[in-house]
Amino acid sequence: MDFLRPDSLAEALALKAQRPDAVPIAGGTDVMVELNFDHRRPAALLDLTRVEDLRTWDVDGDSVRVGAGVPYTRIIEELGDRLPGLAMASRTVGSPQIRNRGTVGGNLGAASPAGDAHPVLLVADAVVEVASTRGTRRIAATDFYLGVKHNALEPDELITSVRLPAARAPQQFAKVGTRNAMVIAVCSFAVALHPEQRRVGAAVGSAAPTPLRASAAEEFLSGELTATGQWESPRPLLDSVKRRFGELVAEAASPIDDVRGSAAYRKHALSVLARRTLGWAWQDYPGKVA
Amino acid sequence: MRVDVTVNGERRVADDVWEGESLLFLLRERLGLPGSKNACEQGECGSCTVYLDGVPVCSCLVAAGQAHDREVRTVEGLADGERLDPVQEAFIEAGAVQCGFCTPGLVVAAHDLLARVPHPGDPEIREALAGNLCRCTGYEKILDAVRLAASKR
Ligand SMILES: Cc1cc2nc3c(=O)[nH]c(=O)nc-3n(C[C@H](O)[C@H](O)[C@H](O)COP(=O)(O)OP(=O)(O)OC[C@H]3O[C@@H](n4cnc5c(N)ncnc54)[C@H](O)[C@@H]3O)c2cc1C
Ligand code: FES
Ligand code: FES
């Protein structure tokens, strides 16, 4: 096995072009488990932790560029105000030790349907930036997840960052698990209000082969809020509206029965998560269209 | 490959390191530092917790090569010569050690918490130790130890 240790993004991309079989390693919280248990024996590891460009974030106009290698702990501490949904999801990942190492780039690289960053990236209109020696591409999060643990990355590409609009209205994330720390989501849900577009984003995790947007639920609620003039003057949401939203979210999912939960339980739990998180987000919505 | 790493303030060099091995293996089997424990090798138990460049991590999930040119501090590096760190003393005093397998990881995690938050509340203590499992104590004595260490600061 080779251990490749690039010091710059250019060097990392050149190495990945020469060695498309090299497995990138950032926080290692997925890769090392596979190595320790002999589930994977790659020809080479490509260590990304020395590439400074991947470990920084910056504000670019209305959007925030988060380097693929910024650990969750730093997202929580440094970006909670600009990216509240991503920070909330980051808080639920693993344990402090896991959050100190694990990264959004690694979550995207692994592309597990249960990854906690995914629903939030979907509702916050995130764009995944990937690069190779051939150039860079921007892939909408909605087009990034192709199948179970399968993403849109080409063998010579690396994920360099995610780009998200700075939040102008409430966002929420919640997940179901057997305890607070260290749980892989049984199911998860994110919601984001986009008053400037009079639109609601809703997405589910761990309840289908890929994380996905609940489009019918988004359209129903966006239409309802617009028709009743509530983007300008919000009122407490009717129970019937919250319930319908929850039902449509559950219908968007196509979960399986597994050790963590049955398909029926996941659908039920999703409808509850959807109602609750919507309630929390709406409670915090001040009603001014940004 | 060769890995050159500063451990507990001392420059250490290891040769013939396998590219896929963990920092935990490097520390225990090549550098003779068995303080950090190997229990799960999958990030679940925290018994292998060490500081890497000042940040607590599961050393079983760090590739040895990723620690090259970096600074590691293990549980062996917390005491000042024969004088134990206050966190270590508090674990003994509070009876927070039974079989002791989880102790090194818990001590490092608690040490980090108190360095960041000198007087943590119970929710903060629980949150900070959420990545460390103990099969023996039921955690109450461990919480006592952290409270005791905080009160002595
Ligand atoms: C104990 C434990 C608890 C966990 N709990 C959670 C949890 O609650 N929620 C959750 O979502 N996940 C959890 N995970 C999984 C893991 O921590 C996350 O998926 C994390 O985001 C992975 O990030 P990393 O930097 O450690 O990835 P790595 O392990 O370094 O890499 C993961 C994958 O992404 C690829 N990769 C990494 N960076 C790049 C890049 N820049 N470009 C291209 N490919 C790249 C790697 O080749 C690999 O295939 C847990 C893991 C452990 C061990
Ligand atoms: S041995 Fe590393 S977390 Fe259990
Ligand atoms: S004292 Fe035995 S595992 Fe904690």
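Reader: How many nonpolar, polar and charged residues are in the lining of the second largest pocket?

Author: The model is a predicted one. In the second largest pocket, the lining has 13 charged residues, 12 nonpolar ones and eight polar ones. That lining is made up of 33 residues, and the space in the pocket comes to about 750 Å³. Lying nearest the centre of the pocket are Thr73(A), Pro96(A), Arg99(A) and Asn100(A), along with Val55(B).

Several elements give two or more residues to the lining. From chain A these are α3 (72–79) and α5 (96–101). From chain B they are β4 (55–58), α3 (103–116) and α4 (122–128). The element that gives the most is α5(A), which supplies five residues.

The UniProt annotation, from an unreviewed entry, places "domain: FAD-binding PCMH-type" on residues 1–169 of chain A. That span is 31% helix and 27% strand, and 48 Å separates its end C-alpha atoms.

Strands β6 (residues 127–132) and β7 (residues 135–140) of chain A run antiparallel and are joined by six bridges. A hairpin of two residues links β6(A) to β7(A). One of the bridge partners is Ala140(A) in β7(A), which is paired with Val127(A).

Notes: Residues numbered from 1 in each chain as written. Chains lettered and ligands numbered in written order. Predicted model: local features only at pLDDT ≥ 70, side-chain atom pairs only at ≥ 80, totals over all residues. Heavy atoms only, no water. UniProt positions renumbered as here; feature names shortened; annotations may be inferred. Helix = DSSP H or I, 4+ residues; strand = E, 2+ residues; numbered from the N terminus. Pairing = 2+ DSSP bridges. 1 Å grid on protein atoms, 1.4 Å probe; cavity = no way out; pocket = protein on both sides within 12 Å on 5 of 7 lines; lining within 4 Å. Points joined across faces, edges and corners; volume = space filled by probe spheres on them. Nonpolar A, V, L, I, M, F, W, Y, C, P; charged D, E, K, R; others polar.
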